[in-house]
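Please keep the sequence and the 3D view open while going through them.

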Amino acid sequence: MGKGEKTGLGRALVKHHNQMVQLSKEKGRFYRNQHKKVLESVTEVNDIDAVIDQADEAHRLFSGIHPPASILINLDPGSSEVTDEKRRELQKREEELHASSLRVPRRPPWNSKMSVEELDNNERQAFLIWRRSLARLEENENLVLTPFEKNLDIWRQLWRVVERSDLLVMVVDARDPLFYRCPDLEEYAREVDEHKKTMLLVNKADLLPLSIRKKWAEYFHLHGILYVFWSAKAASEDLERKELGTSEIQDNVHESSDDKTRIYGREELLSRLLSEAEDIALTRKILKPIHPTTSTRNAETRGVMVGFVGYPNVGKSSTINALVGAKRAGVTSTPGKTKHFQTLIISEKLTLCDCPGLVFPSFTSSRYEMIASGVLPIDRMTEHRHAVQVVANRVPRKVIEDVYKISLPKPKPYEPQSRPPLASELLRVYCASRNYVSSSGLPDETKAARQILKDFVNGKLPHYELPPDVGDGCSGGGTDAHHNVDNPNDDNDGGTSLSDDDSSGIDEQPLGSELEDAPSLDHVLNDLNAFDMANGIAPRNAATANKKKSSKAPHKQHKKPQRKKDRTWRVSNDGGDGMPSVKVFQKPINTGPVKI
């Protein structure tokens, strides 16, 4: 080979090397731009706007491919005559019929040979198809689809956590575990790896009586659900006391010797997670799985990995902090991954994987239940009475009065005696007791509603749900199903339920008899005025008001009497001819001296 040929070959290699470097720089810029994006949860945007935004980002891929879904309009003239009970039954049947369509988005198939642009386009296309399928469910007037996560980047974090974890832990609230559970996520985890398991970490279990924990333990065992009772708050407090050495660790988590109902401590939970994850990794290693995206290399290099997922504000962050404990300094980010995907190294054998909280799509009675549960921001709510009504329906009247030291108005004789307090009644009495007054002089119901909802979420107002197979409702206000908040509860388990002694035969009468016995409008207005005066909302009592009104009426409604001028000099009737005679007075003549 001549010198010129060697020089040409060297130039070609240098050119090729420069091209590869340039391509690497372009990929690096792409990743940096992705990292600079603020990862925000998107649940409150309009569905049409969200679909348009997604379509604009992938316009070159989807234009003309997916036609818009048709909108079905109910033209049945008799639909307005459907009662609320029939409407709920119809909604329940529709939910059961479309339960299989309510799925979390799946990550499309991928491999390491795909380019960044190809992988991004495939994920956006699959996500938009998923959004369109949920949009068709929202068009069904018999279904109520709650707000759900609409940001693709959040779901991408979930995909990577599911793929890398040996054991997937779903953190739920012990007061209503089924509301926070997503069965389709468990199915998706099995699709990624048939050996992967999902565990329910029932947080805030210290807010449940032992008898209620037993019922939930029976329900989980009957349905084959892997679970652990846990309290992140109690574990954090015990860890702080142990580090400070001020007192012994409280034994409140060990009140039950039964493993099925016992609330685990920090060390016990870490051991349980490690044991479950190692069993899964060992089974996978023996059976040699087909899926290349599983985390077999984690078990070989740095032990097993446990992923944590769950709704926002359900206690996932508190759980992570309690488990990390004194080893917080060892927390590191996984190299080469996005900033929001973190791995928390507990030991050489166990690594925790944290996923941002997200809202899964689900059917429910109203979005206000999600506000009352703390899933959606309380400070951003616009219609506060609807969310407070959820609290009033779940927490018994006696419990509310004892916690807030107030006296709620009793139901009227013509009302069902077991009805929960109205949101307007609760807010007005609460504002009067706390002196919450807005700038306009009216009760500040917005401030009161936020405080009541936060007390409901934090556990100051005790409440809990029973498993659907055990009974109707719960001791904290009760429902006939874990998603229904319309009917009060009469269950006496736990000692905080509504009393059956308050019920009367009036609520068993037919609707016609109630209407016949309904009082007049004046009677209702008098009751409302009496309620205002009894709770200190009215400025003064009615008797004093009437007296002051009657005493001030003459000088407020009439002008002050003035002295009348004597005008009799103008007209006189003593002329005798029937015509008035006019008297003319002349101006007196000045007889003083004349000044020249």
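1. The protein chain contains 21 helices and 10 strands, and it should be kept in mind throughout that this is a predicted model. Of the 596 residues in the chain, 40% are buried.

2. If we take the contacts in the protein chain between residues at least 6 apart in sequence, 71% of them join residues that are at least 24 apart.

3. Helix α10 covers residues 232–244, which is 13 residues, and the distance from its first C-alpha to its last is 18 Å, close to the 18 Å expected at 1.5 Å a residue. Just after α10 comes G245, whose phi is positive, at about 70 degrees.

4. Which residues of α10 are buried? They are A232, A234, A235, D238, L239 and R241, where buried stands for a relative accessible area under 20%. In an α-helix there are 3.6 residues a turn, so residues three or four places apart point the same way. The partners against which the buried residues of α10 pack are the strands β2 and β3 (226–230), together with the helices α11 (266–287) and α13 (316–324).

5. Helix α11 also deserves a look at its surface, because L282, which lies in this helix, is partly exposed at 49% relative accessibility. Together with I286 and L287, L282 makes a nonpolar surface patch of about 320 Å².

6. Phi of K204 is near 60 degrees, a positive value in a residue other than glycine, and K204 sits in the loop that runs between β2 (197–203) and α9 (210–222). K405 likewise is not a glycine and yet has a positive phi, of about 60 degrees; its place is the loop between α16 (397–404) and α17 (423–434).

7. Is K405 buried or exposed? With a relative accessible area of 71%, K405 is exposed, because a value over 50% is what the term requires.

How values were computed:
Residues numbered from 1 in each chain as written. Predicted model: local features only at pLDDT ≥ 70, side-chain atom pairs only at ≥ 80, totals over all residues. Heavy atoms only, no water. Helix = DSSP H or I, 4+ residues; strand = E, 2+ residues; numbered from the N terminus. Buried < 20%, exposed > 50% of the residue type's maximum accessible area, 1.4 Å probe, protein only. Expected span 1.5 Å × (residues − 1). Contact = heavy atoms within 4.5 Å. Patch = residues over 30% accessible without salt bridge, like charges linked within 9 Å, V, L, I, M, F, W, Y side chains within 5 Å. Areas by Shrake-Rupley, 256 points an atom, 1.4 Å probe, with all protein chains shown as cover. Salt bridge = Lys/Arg side-chain N within 4 Å of Asp/Glu carboxyl O.
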